Amino acid sequence: MLNAVTMETNKVYYVKSLACTGALRRRIIDMGITPGAKIVKKRVAPFGDPIEFRVRDYALSMRKSEAELIRVEE
């Protein structure tokens, strides 16, 4: 299964699930990343961290370690 780090740039994916629990899961959900949400990977910083995504019509940058917890599907 794909995660948000392995997504192709500028291709539309949908969030399938989150592979975390507790406060981190709540934080990711509060950012608008919920199952079924459309997500597009826009840019990656030169050393691979952070990564910019487009979610719910706004730009969101997050750490690579957090993005690995977001499971996506085409």
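Trainee: Does Arg-56 count as buried, partly exposed or exposed, and what is its relative accessibility?

Mentor: This is a predicted model, in which local features need pLDDT of at least 70, side-chain atom pairs count only at pLDDT 80 or more, and totals for chains, interfaces and linings use all residues. Residues are numbered from 1 along each chain as its sequence is written, and side-chain values use heavy atoms, with hydrogens and water left out. Buried means under 20% relative accessible area and exposed over 50%, with partly exposed in between (1.4 Å probe, protein chains only). Arg-56 therefore counts as partly exposed, at a relative accessibility of 48%.

Trainee: Where is Arg-56 placed, and what is its phi?

Mentor: Arg-56 sits in the loop between strand 4 and strand 5 (58-62), where strands (E, at least two residues) and helices (H or I, at least four) are DSSP runs numbered from the N terminus. Most residues other than glycine have a negative phi. Arg-56 is not a glycine, yet its phi is positive, near 50°.

Trainee: Which class of accessibility does Asp-57 fall into, and what is its phi?

Mentor: Asp-57 is found in the loop between strand 4 and strand 5. Because its relative accessible area is 71%, Asp-57 is exposed. Although Asp-57 is not a glycine, its phi is positive, at about 65°.

Trainee: Which peptide bond is cis, and what is its omega?

Mentor: Most peptide bonds are trans. The cis bond runs from Asp-49 to Pro-50, with omega near 10°.

Trainee: In what order do the strands of the sheet stand, and which strands are at the edges?

Mentor: Read along the sequence, the chain follows the pattern β-β-α-β-β-β-α-β, with 2 helices and 6 strands. Two strands pair if DSSP finds at least two bridges between them, and the 6 strands form an open, antiparallel sheet in the order 1-6-2-3-4-5. Each edge strand has a single partner strand, so one side of each is left without a neighbour in the sheet; these are strand 1 and strand 5.

Trainee: Which residues of strand 6 form its covered face?

Mentor: Strand 6 spans residues 70-73 and has an uncovered face made of Arg-71 and Glu-73. The covered face of strand 6 consists of Ile-70 and Val-72.

Trainee: Which residue of strand 4 stands opposite Ile-39?

Mentor: Strand 3 and strand 4 pair in the antiparallel sense over 5 bridges. The residue of strand 4 that stands opposite Ile-39 is Val-55.

Trainee: What is the radius of gyration of the chain, and why does it agree with a compact globule?

Mentor: The radius of gyration is taken over C-alpha atoms, and the globule rule is 2.2 Å times the number of residues to the power 0.38. Of the 74 residues of the chain, 38% count as buried, and the C-alpha atoms fill a box of roughly 30 × 25 × 25 Å along the principal axes. A compact globule with 74 residues would have a radius near 11 Å, which agrees with the value for the chain, 11 Å.
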